[in-house]
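Please look through the sequence and the model below before reading on.

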Number of protein chains: 2
Amino acid sequence: MLRSIRESPLFPIVNPRSIAFFGASNNSSAMGTTILNSLLVLGYEGTVYPVHPRETEVQGLRAYERVEDLPEIPDLAVLVLPTEIVCDKIEECGRKGIRHAIVVSGGFKESGVEEGRRRQEQLVETAARHGIRFIGPNCIGVANPHLKLNTTFLRCEGSPGFIGMASQSGSFVTQMFNYLDQYGLGFSTAFSVGNEANIDIVDCMEYLGACPHTKVIALYVEGIRRGRRFIEAARSIIPRKPIVAYYVGGSDTGKQAGFSHTGAMAGPDPLYDGMFRQGGIIRASSMTELFDFCSLLGNMPEPAGRNLVIQTHSGGPGAEAADVCGRVGLQLAELSEKTVGALGSLIPHTGSIKNPVDVTFSKNPLDFFDSIPRVLLEEDHADILLMYLLMPTESVARTLARLGVPKEDIERESGTLINRLCDGIEGFLEEYKKPIVGYTYRSFNDDFVRGLLARGMPVYPGPERAVRAIEALVRYYEIRKKIHPTGD
Amino acid sequence: MLRSIRESPLFPIVNPRSIAFFGASNNSSAMGTTILNSLLVLGYEGTVYPVHPRETEVQGLRAYERVEDLPEIPDLAVLVLPTEIVCDKIEECGRKGIRHAIVVSGGFKESGVEEGRRRQEQLVETAARHGIRFIGPNCIGVANPHLKLNTTFLRCEGSPGFIGMASQSGSFVTQMFNYLDQYGLGFSTAFSVGNEANIDIVDCMEYLGACPHTKVIALYVEGIRRGRRFIEAARSIIPRKPIVAYYVGGSDTGKQAGFSHTGAMAGPDPLYDGMFRQGGIIRASSMTELFDFCSLLGNMPEPAGRNLVIQTHSGGPGAEAADVCGRVGLQLAELSEKTVGALGSLIPHTGSIKNPVDVTFSKNPLDFFDSIPRVLLEEDHADILLMYLLMPTESVARTLARLGVPKEDIERESGTLINRLCDGIEGFLEEYKKPIVGYTYRSFNDDFVRGLLARGMPVYPGPERAVRAIEALVRYYEIRKKIHPTGD
């Protein structure tokens, strides 16, 4: 285990004070230029030195003909170059004294041809000679939104978050920027590991284990080479933060696809299942599930047990949630007399004071976000609250109309009220220290839903994803109790 | 089996020329008023006669004190009344000669108390005396968007569609209006069956089997009373259209929730599993999956087999799709030499001409929606095409920029080009008669994605849902081959 995050070879790679950039030009369609622009657009505050054989200025920055001309030794070199010159440039970086690099260029071992394999060997050997640690080749780069660092070709959308990602697919870094933003999530730091010729996914996981912005680690796995080290590293991290992994090589077709993608060796599914289990890693069955689990694991406190209480306005959505609970081994809390009594005055007689608690539509709809969840959170038998959110923003607007608020004031008043109710739920999270999770079938373009997501309350499209994530949360704390922190 | 849709007791209920409406007033917060407004807002073109003891006009319509005063015998009565007067009003409807009703009112058997049970018996007996067929009580009504009929309390959003729904939860009618619209889907006709005191879910399924607007039937099931008839009816429908069911009572917790919801008896999961299997019904494991399956079953032609070809721009998303294929028993088509040759000129050397076909990002991005899918659809070994849609609208805009289209024209030009490309894919569907399915991780607020959905190409958030739906499509045609049409 790392004693300090600064011990990791990845520290300078995702926290560089200065970067030598190879492969950007004033040709806007070149990949290197696109990547340099991603970096500049996000507002990276360190120094960037474009290195270009002919240009004196690249994208508004002073360019240098040779890396040896740079006025300092940059912390990091980023190489987006034709395969055949990568090795020479690494050699020049080494001579300059640069010790860390990201090699975006492809055409190495993953090409499947002998020349590519040979070039990769040569790259590894050159780097080793200079003590250079590098990520790649054939990777998409890294993102550390907290430092406004993004060396990938896609714009990093949304706010910095708490999910640390190490991925054997570059797409699952870049293509998740927008995806995560939809759920109010973001990366703390994300690595595309590429061919792992020098730094591998285990190194990334160890870095993320020590990273203070990372609350949960997400892995996309096509194949692990250092199996034993992977398990040991995971076990040392689990007592501090959860790790979730999606392994794609489990099925024959997945194996085939993964293999042609990075040249990694996928293994039989039970092998990986065993490895994850030994490491204390929660396994996800898709990318969607990977981030569903991360959202809840990073946002919510430890639940005291497996008992849920479900709050709904209508039977079907409550029944579906209850059904999934049964299938994944979660229980519905039995409500105490005190709770039943307290709900009696809040729920109309057509409602159901059982669990799922079906409050129907009558009486004061604002209770749904206020008095009713409070009663359910007070319930000692309930460890987790799951709330169905039909169309909260419209409910609020309708309630205001009924209270006689003039039409022209409703939008403003409704915004204020939604903020207050969302703040209230945030307050419940702090006060009761019980996980609170929402679900809806409707679009996430709802101010109330966005407000809850922004305050760290996970909301899922449909109860199945919510309940599976809750089960993963419960399971993580069960696993953690069994794994003793390794001496460090 | 119905010889004609007009034989169904539900025909006048969802195709009424005139409606007697009980329970609406000029009090805008009353449920009856809300429902009447839903009906009027959607633009129902038949005659509506509000019946109200005191008002002479209700929501701008002439109101009648007693149903006997109406100038004609309406096809349908809708009752949204306090429990205690429902039976009397049904009696009056019967005397007037009305033979069909929707009883929205609750407080009957589902209340769990003796009085409710007794009232329901009385309602059944009164209706029977007059030969009245009715849906409910304790139901949320029906929607037939093709006729602009919506007797539920929520606005029916989006366009009429091809999904016929019979639901033992009213929420799963109303709360799916917006949900389906997000996916470019809509109901043909939807029934909330409530307590099924007279008309039950089997009747609804038979109606939908005969309904010309319905291409696929969706069932939300908490418990089936007429098991044998259910199986027989399903088997008679399957040769003409697929049926998908989500059964919520399978787990103990689901059973518990479903029971308290409608008072239906849920049974053990294997019983229902067997019933669905005998009926040739595809089983879904959640509401999301129910509609995922419906989308593909209603939109796509019969695939020739289980072999997929996956088109992607990047490895990870292709590998995930391949992995799910393996897990659900679909195969990746082996590409013939002809296909490999044709792709060779379209895909850069860093891409992968295997299956998944990884076209990467270089060369002409527009090929992705045009020449490349054409080559893959020409492939005899591939029965189904699955396309990854990274961010098609942005790709189109970027391509136009590179082609030198001035900035101010890009939005318009991009709209035109997107339309043309979407039309092209629609043309492929007609030309090749092979299922084409898309997936993306990004938001569905993308013009290209909306354009494909509008043209009937299903797009899913993530490959897992896409592949599971494809498997259901394949399975339906396998089942159908085994079920011979029952003589009718």
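H14(B) passes H16(B) in a right-handed crossing, where a crossing is called left-handed if the near helix is turned anticlockwise from the far one by less than a right angle, and right-handed if clockwise. Helix H14 covers residues 371–378 of chain B, and its axis lies 11 Å from that of H16(B) at an angle of about 15°; axes here are lines fitted to C-alpha atoms, for helices over the stretch in contact, and angles run from 0 to 180 degrees between N-to-C directions. That angle makes H14(B) roughly parallel to H16(B), given that angles under 35 degrees count as roughly parallel, over 145 as roughly antiparallel, 65 to 115 as roughly perpendicular and the rest as oblique. On the side of H14(B) the contact is made by B:Pro373, B:Arg374 and B:Leu377, and on the side of H16(B) by B:Ile425, B:Phe428 and B:Tyr432, two residues being in contact if their C-beta atoms, placed from the backbone, lie within 7 Å. By class, this contact of H14(B) with H16(B) has five nonpolar, no polar and one charged residues (Ala, Val, Leu, Ile, Met, Phe, Trp, Tyr, Cys and Pro count as nonpolar, Asp, Glu, Lys and Arg as charged, and the others, Gly among them, as polar).

The model is a predicted one, in which local features need pLDDT of at least 70 and side-chain atom pairs count only at pLDDT 80 or more, while totals for chains, interfaces and linings use all residues. Residues are numbered from 1 along each chain as its sequence is written, and chains are lettered from A and ligands numbered from 1 in the order in which they are written. Helices (H or I, at least four residues) and strands (E, at least two) are DSSP runs, numbered from the N terminus.

In chain B, the axes of helix H15 (residues 392–402) and helix H16 (residues 407–432) come within 9 Å and cross at roughly 120°, which makes H15(B) oblique to H16(B). The residues that make this contact are B:Thr393, B:Val396, B:Ala397, B:Leu400 and B:Ala401 of H15(B), together with B:Ile410, B:Glu413, B:Ser414, B:Leu417 and B:Ile418 of H16(B).

In chain A, helix H11 (residues 287–299) packs against helix H18 (residues 463–482) at an angle of about 60°, with the two axes 9 Å apart, and that makes H11(A) oblique to H18(A). The residues of this contact divide into eight nonpolar, one polar and four charged.

Although B:Arg465 and B:Glu289 are 176 residues apart in sequence, their C-alpha atoms are 7.4 Å apart in space. Leaving aside neighbours within four places in sequence, B:Arg465 is in contact with B:Asp292 and B:Tyr460. A:Asp447, in helix H17 (residues 447–454) of chain A, counts as partly exposed because it has 17 C-beta neighbours inside 10 Å.

The 12 residues of helix H2 (residues 31–42) should span 16 Å, and the end C-alpha atoms are 17 Å apart, which agrees. The buried residues of H2(A) are A:Gly32, A:Thr33, A:Ile35, A:Leu36, A:Ser38 and A:Leu39, and what covers them includes strand S1 (18–22), strand S2 (47–51) and strand S9 (149–150) of chain A. Helix H12 (residues 315–328), with 14 residues, reaches 20 Å from its first C-alpha to its last, close to the 20 Å expected, and 13 of its 14 residues are buried.

The backbone also deserves attention. Most residues other than glycine have a negative phi, and most peptide bonds are trans. A:Gln59, however, has a positive phi of about 50° although it is not a glycine, and B:Lys148 has a positive phi of about 55°. A cis peptide bond joins A:Asn355 and A:Pro356, with omega about 5°, and another cis peptide bond joins B:Gly136 and B:Pro137, with omega about -5°.

Conventions
Expected span 1.5 Å × (residues − 1). Buried ≥ 20, exposed ≤ 12 C-beta atoms within 10 Å, placed from the backbone.
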